[in-house]
Amino acid sequence: MPVTQTLRNGAWRVVELLTTPVVPADYLDVIAPLRNPDVLRARIEAVRPETAKSVTLELRPGRNWQPHQPGQYVRLGVDVDGVRLWRAYSVSSAAGRPGGTFTVTVNAVADGVVSSYLLNHARRGMILTLDLPTGDFVLPARRPGKALFVTAGSGITPVMGMLRTAAHELPDAVVVHSARTEEDVVFGSELRDLHRQGKIRLIERHTGADGRLKPADLSELVPDLFERETWACGPGEMLDALTEHWADAGAEDRLHVERFRPTVLVAGDGGTVAFERSGISTEAPAGVTVLDAGEAAGQLMPSGCRMGICFKCVLPMREGIVRDVRDGSVTTVTELDEPVLIQTCISAAAGPCRLDA
Amino acid sequence: MTTLQRKDVNPIAHLTPEDIEAIGRELDAIRDEFIAKRGEKDATYIRNMIKVQRRLEVGSRAVLLFSLFPPAWIIGTLGLSISKILENMEIGHNILHGQYDFMRDPKIHSTTWEWDSASPAEQWKHSHNELHHKYTNVIGRDNDLGYGIMRVDEQQKWVPAHLGQPLYNFINAIFFEYGIAAYDLELGRNLKTKKRRSNPAFRAALRQVGRKIRKQAAKDYLVHPLLSVPVGLAFGNPLGAFLGTLSANAVASVVRNLWSHSVIMCGHFPKGVETFERTSITGETRGEWYLRQMLGSANISGSKLMHIMTGNLSHQIEHHLFPDLPASRYAEIAPRVRELFEKYDLNYVSGPLVVQVASAWSKVFRLALPNRKPANDIDHSIPPRPAPAETVAA
């Protein structure tokens, strides 16, 4: 109804006047952080250890959440020592779960700041920031007659979401999964149960004893390999080898892979600074600020005090690593993070940087 | 910094250029230490502060629905005054300095924060963060010295209009938020000629302030007072309810204005604070910049509550040295800074609020009149730095 719509909008404008200069949701955040329609958040409802190095978080998403398709991932913003860092995690629960919660399973990553934080500190009641589910590593609505899943380590997580949703709809599903030892298999007992019930055929490989799985081995384990619609998730080298193998057989259309880029950035000295919108790119040596490097390269740069006080020279960094020339502190932004505003007058490149300017 | 204010005693005459750079290095070391410490504690602090302020504001405004009744009026006004003070000082001022940008929380960020003040955050950041913090106490460049309407230094030229400055200062204190907004607009400069008046950038800034003031005023003087009318109707006095809430909001705003004006006067006006000549900062080194901040600022001593209510601007010296460190850390930093002042025999200006406010006001009164004796003309410049030794290739 347009009239009620107009009335509602009018009433809402009055409510906004009541709370100016902030918005009503900012007050609501104090008591109900999940109700904010502008900032999607999630509350941790339960924390369940899976293996010694992985943990499943059951999350209750806030308003404006959209249910995921099995195989998709979500970005979670986790405040580690006061700083919000974003990471992508596959949704491991079945789609359309009653109660509206979903789960992600976090596996320890070597030097992983966020994964080790969640493994040690995730508690019921904790609030995380969240983004909508995304990714095209999904099962089609028309389920394939013959399916193959090739996974290694934490690569099982998105596949688990698929199996939990649709194992009963897949007439012939083979899961080839590699992990270092039997105990390291995430969701091991659940996978073995599915195998016993005849819903999947599970081929477990323990790389600690049997060595790494090579594509050639696959042909032996699954003779009708290329007849199957295949989903693969695991380390980059494994996916590269599989992609090549499938391409050689002319079956690349049947292979779907999911890659998680490593997010570990190591600070070096200097780097290429790319201004994405203007297309200007310049080599910035160590100790030369992004502001100076940009100006020298002919980029129009905002600037102010030029000494790190006024925050007028800030530009969003989409990805990269910079060092504060005053104190040496390092700021890293990965592809998954929200762009971070850096003070260009006191930041020097410590690796390649992409700026939104 | 080549020349300090021309006074009988040059407070840094005993420092060599090497001393000044050593001070800079020591302050940088303190900064590094606290940058490294910055983390969850600071994030929790500001989030809790925002939570407390919002609860206090909502609670006070709820009480003010019954502003018809004197006890509710008193409690609500008191709560709202405190809430507005916290919102401006400990939350707004500090977030707008980028002190919490490190959290990467877009809600608590210097680029997105808007505060409960007539001055739009964006304009304030320019005049305050950029101009005042860079050109601290440099006559003619730092407009915070007298806000362009007062004479607060003997070196400034006296004109008869200065006779009225105690009155201007008092009016400015009452309407401080509007004074700040006008000051950000540089009205004095921009209204002078027709060309400046019609400058599109100035007009856009003017419209921005207009919008902000309209919204702020509508909230405090129309919408919230109207909200208490139903309660008034129930008790047969709708007008009383409307006026009760309106007056409570006005009083809370004025209390906040008087308080922030007093605190801010204490930062750079009291006795013992140095000012600097316009030309004195060309080629200034980092050590010299630090030294200027040390000599140009003054602290307020007091309890923890006092520090919170001033937004930790009671630690004005520490704030000027490290404007982007979380303000709640200044109390930890202060003893270290003070040690440095003692080590280099410099004057750490600090005193209780009453004493500092009185000192600042007495300066306003004293300088309303022309100088009793001609300004001292003795040059107290720092001895020129020795030219760097030339290296001869072997």
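Start by selecting B:Lys84 and B:Asp116 in this predicted model: the two form a salt bridge, with their closest N and O atoms 3.0 Å apart. B:Lys84 sits in helix H3 (residues 70-96) of chain B, while B:Asp116 belongs to the loop between H3 and helix H4 (121-134), so the bridge ties together parts that are 32 residues apart in sequence. Buried or exposed, what is B:Lys84? Its relative accessible area is 2%, so B:Lys84 is buried. B:Asp116 is buried too, at 4%.

While you are in chain B, pick out B:Glu33, B:Lys37, B:Lys41, B:Asp42, B:Arg329, B:Glu332 and B:Arg336 together. Salt bridges with shared partners join these residues into one network.

Next, select B:Glu26 and B:Lys343, whose side chains meet in a salt bridge of 2.6 Å, N to O. This pair links distant parts of the chain: B:Glu26 is in helix H1 (residues 17-37) of chain B and B:Lys343 in helix H15 (residues 330-343), 317 residues apart. With 28% relative accessibility, B:Glu26 counts as partly exposed; B:Lys343, at 54%, counts as exposed.

Now show the surface of chain B and colour B:Arg203, B:Arg207, B:Arg211, B:Arg214 and B:Lys215. They gather there in a patch of positive charge. To place one of them, follow helix H9 (residues 200-227) of chain B, where you will find B:Lys215. B:Lys215 has a relative accessibility of 47% and therefore counts as partly exposed.

Look for B:Glu186 in the loop between helix H6 (176-184) and helix H7 (187-190) of chain B; at 25% relative accessibility, B:Glu186 counts as partly exposed.

Switch to chain A and zoom out for a moment. Its secondary structure comes to nine helices and 18 strands, and its C-alpha trace spans about 65 × 60 × 40 Å along the principal axes. Of the 357 residues in chain A, 50% count as buried.

Zoom back in on A:Thr20 and A:Pro21, which are joined by a cis peptide bond with omega about 10°. A:Pro21 lies in the loop between helix H1 (2-19) and helix H2 (24-31) of chain A.

From there, go to A:Asp111, in the loop between strand E5 (102-107) and helix H3 (113-121) of chain A. Here is another residue other than glycine with a positive phi, this time near 60°. A:Asp111 counts as exposed, with a relative accessibility of 71%.

Select A:Thr157 next, in helix H4 (residues 156-166) of chain A. A:Thr157 counts as buried, at 3% relative accessibility.

Finish with A:Arg228 and A:Asp224, a salt bridge whose closest N and O atoms are 3.0 Å apart. Both partners are below the 20% cut-off for buried residues: A:Arg228 has 3% relative accessibility and A:Asp224 has 17%.

Notes: Residues are numbered from 1 along each chain as its sequence is written. Chains are lettered from A and ligands numbered from 1 in the order in which they are written. This is a predicted model: local features need pLDDT of at least 70, side-chain atom pairs count only at pLDDT 80 or more; totals for chains, interfaces and linings use all residues. Side-chain values use heavy atoms; hydrogens and water are left out. Patches are made of residues with over 30% relative accessible area and no salt bridge: like charges are joined within 9 Å, nonpolar side chains (Val, Leu, Ile, Met, Phe, Trp, Tyr) within 5 Å. Accessible areas come from the Shrake-Rupley method with a 1.4 Å probe; for residues, only the protein chains shown count as cover. A salt bridge is a side-chain nitrogen of Lys or Arg within 4 Å of a carboxyl oxygen of Asp or Glu. Lys and Arg count as positive and Asp and Glu as negative; His and the chain ends are not counted. The place of a charge is taken as NZ of Lys, CZ of Arg, CG of Asp or CD of Glu. Helices (H or I, at least four residues) and strands (E, at least two) are DSSP runs, numbered from the N terminus. Buried means under 20% relative accessible area, exposed over 50%, partly exposed in between (1.4 Å probe, protein chains only).
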